[in-house]
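Take a look at the model below. Start with the sheet, then turn to the helices.

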Amino acid sequence: MSASADDRPAPGFLARRLQGLRVWWTMLVISLEERLVYRGDFILGTAMRFLPIVTQVFLWTAVFGATRSGDIAGYSRDDIVAYYLLTMVSRAFSSMPGLAGGIARGIRDGSVKKYLVQPVDYVGYLLAARIAHKLVYYAVAVIPFAAVFFVCRGFFPPLPDAATMLAFGLSLVLSFLLGFFMEATLGMLGFWFLEVSSIVFAYMLVQYLLSGHMFPLDMLAGIPTGVPGVSVAEVVRFLPFEYTAYFPAAVWLGKVRGAELVRSLVVEAAWVVVMMAACRLAWRRGTARYSAFGG
Amino acid sequence: MHNSSRPPSPPPPGSPGAPVIHVEGLAKEYRVFDKPEGLLASVTGLFRRTSRTVEALRGVSLTVGRGEFVAMLGPNGAGKTTFLKLLSGIITPTRGRATVLGHVPWERSDDFRRRFALVMGQRNQLWWDLPAAESFRLHKEIYRIDTPRFERTRDELVELLGVGTLLLRPVRDLSLGERMKLELVAALLHEPEVLFLDEPTIGLDVVAQHALHRFLSHVQAERGMTVILTTHYMKDVAALCKRLVVVTQGSILYDGSLDQIVDRFTSHKIVTLDLDAAPDAAAVARWGFPAEIRGPQVVLRIDRARISEALPRILASAGVRDVSVEDVPLEEIVAELFRSGSGAPPPRPAIAAAGAGGGP
C-alpha cells in the first residue's frame, strides 16, 4: 500500500502542465464555493462602492460651475462623470481588497507553512482564489453597475467601435493581473516586516493619486518635472499605476488611440511581466528567509 | 537532480527497516531580539537592538527505519517542533545534515513533498468555511491521486475514524476532536510514506485521544508508514510507540525502547503495602528503605537488587494484608529526566541503533 507514488512513470512536460492546470482549476472552483459563503457581504460592499462617486459628481459640478468654461484638460462635465464611472469598472478589476494584508497575516500567524509543506504553488493558488473572488463579485455587482450605467447613459459619448472595445477588454484583464501581482508582492514584504499595513497604506495613497482614480491623468500634462520638455504626465505614463484605473477608462472614451494605444498596451503587459517576476522573487527570497530565521 | 534515487521497497514485515530518516548533528539557532521594558528603551531599540542566540536544537543525530513509530517526548521548548519543522523542510538548519526518503527536506522538491505529511495542531490543511469533503477534493488534485485510489483511501480512513457524517459540514462548525480527525484524513489521503505528527492529542478529551490512538496504530501497521510523533503525554507514547526519544533543551537525552528506559534510569521498584492499621513510623524506618506512610498504606522505594532479600523480611511483619511491586511509573522517570536536563549521562550511543535491536 505504501510507496505507490513511485510505481508510476514520471509524467511528460505536457502532462505535468495539464495536471497543474487541473490543480489550479480545482482551487478556483473551491475558492468560488468559499466566496459564495460570504455573498451577503459582497452585496453590501458593492452598494457602498457607489457612494464616493456621488460626492465626486457634486464636486466636479461645482468646479465646472466656478470655471464657467466648457472643459478642463479636454474633459467636459459629462466626460468627467463618464470617466469616474469607467474608472470604477477599472477598479473593479484592478483593486485587490485584503490581498496584501491576507498574505502578510498568513506569514505572521504561520498558516503560510502549509504551502511550504504541500506540493502546491502558492502564487498560483492566490491567483485562482482571487479570480474566484472577482467572479463572484462580478456576478453580484453586475446588477447595480448596469443600473447606474443605464441611469447615467446620457453622460457617455456614443459607443466606441469593436476594436476599441476589444482593447478596453484587454486593458481590463491586464489591469487585473497588474493589480494582483503588485499587491501580492506587497503582501510578501511580510516576510521582512512584521506589519505591512502601513506600507499598503502608502501604496494606496500613491495609487490613488497616480492611477487616475482621483482625477483624469491628462490634467497632469501641464505640470513640469524640472527636466525640460518632460511633464509629470510623461513620467506617470511609464509607471504601472495608471493602468489600474485611468488607462481602461481613457481607452473607452477614445482618449488613447492607434499607435499610442498599442504602445500603452505593450507597456501595461510589460509591467504585468515585471510584477509577476517580482512576486515570484519575493516569494522565493521570502520563504528562504522565513526558513532561516523563523518558521 | 530529483527522482534519480528511488527509495528501497518496504522490507518484509518483521525485519528491521532500512533507514528512511537520517539525521546527523542537526542544529538550529534562532536570533531573538530582547526588548527591555519602557518607552525610552523602545525608542533606543529603534536604533540598536540587543539580540541573543537561542539554540532550539543542539546537534541532534537520529536514524529511523522504515515502518518505525517513534515518539518524541519533551517539555515545552525542548526543540521537538523545531525538529519536525526541519524534517518537513519548513525551516533550514544552522548546522548538520538530514535526509528523509533520500531527499534533503529543506530543498522542498515536489517529489519529496508528495511523499510525506505533517500534521501540526488544528486548523491546518482544511478550508475553514467549507466542508472537509471539498478540502479532500483539492488534496486529490494537489497530490495527483487517481480517482479510484482516492475514493478507496478516503472511504477507508473515514470509516476507521467514524467521521462519515461530518464530511459535508463546514469545518468551522466542528469540534476540536472532529477537526483533528478530519485533519488526519486529509494528511493521509495521499498515503504518505512518512508522517510527522506534532502534538496530535493536545486539547482532546480522553475518548477522542483513545480513538486517535487506535486509528494511528492501525493505519501505521497497515501501511508500514514511518511516523514521528511529538507529545508531552506519556499516554500517547505508551499506546503507540515502541521507540522513545526524550528531548530536553535541544538535545536527545534518551533514545531507545520504552521498556529499557525503566531499567536505565531507575534502580528501584515501588513496593506498596496495605496494612491492617496505620503503622508506627519507627517500625517502618527499621526496614531501612525510603518510605511514605499514607494512613494504613506504606509506599517503599526498594533497590532492585535487594527486593528478594527485603520482601520476605517486610512481609513477615504483622498486619500486611496486601502487597504490590511495581516499576517506577514512566511519567515519574520522564519528569525526572526533564528536570535533570543534560545532567544525566548520555545514554544515546549504546542505543542509537534502536529499531535494529541495539542496546546492552
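Two strands count as paired if DSSP finds at least two bridges between them. This is a predicted model. In chain B, strand β3 (residues 69-73) meets strand β8 (residues 243-248) through four bridges, and the two run parallel. One example is A71(B), whose bridge partner in β8(B) is L244(B).

**The sheet in chain B**

Strands of a sheet pair through backbone hydrogen bonds, either parallel or antiparallel. Here six strands form an open sheet in the order β5-β6-β7-β3-β8-β9 (chain B), and the pairing is mixed. Which strands sit at the edges? They are β5 (116-120) and β9 (251-257) of chain B, and each pairs on one side only. From one strand to the next, the twist averages 15°.

**Helices on the sheet**

**A helix in chain A**

Now move to chain A. Helix α3 (residues 51-67) of chain A has 17 residues. From first C-alpha to last, α3(A) reaches 25 Å, close to the 24 Å expected at 1.5 Å a residue. How many of its 17 residues are buried? The count is zero, and α3(A) is hardly covered. Just after α3(A) comes R68(A), with a positive phi of about 60°.

How values were computed:
Residues numbered from 1 in each chain as written. Chains lettered and ligands numbered in written order. Predicted model: local features only at pLDDT ≥ 70, side-chain atom pairs only at ≥ 80, totals over all residues. Axes fitted to C-alpha atoms, helices over the stretch in contact; angles between N-to-C directions. Expected span 1.5 Å × (residues − 1). Buried ≥ 20, exposed ≤ 12 C-beta atoms within 10 Å, placed from the backbone.
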